Amino acid sequence: MCYNICCKWCCGVRITKEPEVRRQEILDAAMRLFGLFADSTAAAAIVSAYFMTVSVGYILNTVTNCFLGVLNGMGKPARSMLLMIFYYIIVRMPSAYLLSGVGLNGIWAAVFVGHICAAASSVLAARDFPARITKSREL
């Protein structure tokens with residue numbers, strides 16, 4: 001509810017169930033937001049492509065950040081750092097380099113791939129969490 005109100009207030013985006021309507025609202029909001037900084041149709045198209053490609057990945061980024069917070073809270077910051085190195089340096093940077101031949105959309109796709117790998121590695125690494133929590137409670 002709060003998210004819906006904030007989106008209506010900030011950019012005029014309303015949460016809908018129709019994907020095409022939602023896509024158009026995201027693009028309209030991107031254009032309004034970009035209009036605050038510059039007045040270029042070409043640059044606005046780049047920003048719109050960025051929002052459409054990367055925005056879905058930020059949902060996965062939320063999963064990853066929550067997991068990294070859990071790791072830090074469990075006193076395992078080294079494991080958290082290793083996961084960040086994995087998906088930023090080992091996955092995202094090489095894939096951005098490889099996909100840069102496609103243009104900026106390739107780089108945006110690499111960011112999205114990085115979010116997918118980060119969320120997947122977080123979920124795989126978290127498989128044994130319930131057992132660890134149970135063991136720590138028994139001690």
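Of the 139 residues of the protein chain, 27% count as buried, where buried means under 20% relative accessible area, exposed over 50% and partly exposed in between, with a 1.4 Å probe and protein chains only. This is a predicted model, in which local features need pLDDT of at least 70 and side-chain atom pairs count only at pLDDT 80 or more, whereas totals for chains, interfaces and linings use all residues. Residues are numbered from 1 along each chain as its sequence is written, and side-chain values use heavy atoms, with hydrogens and water left out.

**Overall chain**

- The protein chain holds seven helices and zero strands, given that helices (H or I, at least four residues) and strands (E, at least two) are DSSP runs numbered from the N terminus.
- Among contacts with a separation of 6 or more, 46% come from residues 24 or more positions apart, a contact being heavy atoms within 4.5 Å.

- Ser-80 lies in helix H5, which covers residues 77-99, and counts as buried because its relative accessibility is 4%.
- Apart from neighbours within four places in sequence, Ser-80 contacts Leu-68, Leu-71 and Asn-72.
- Met-84 also belongs to helix H5, but is partly exposed, its relative accessible area being 34%.
- Leaving out residues up to four places away in sequence, Met-84 touches Leu-68 and Ile-89.
- Between Met-84 and Asn-65, which are 19 residues apart in sequence, the C-alpha to C-alpha distance is 9.9 Å.
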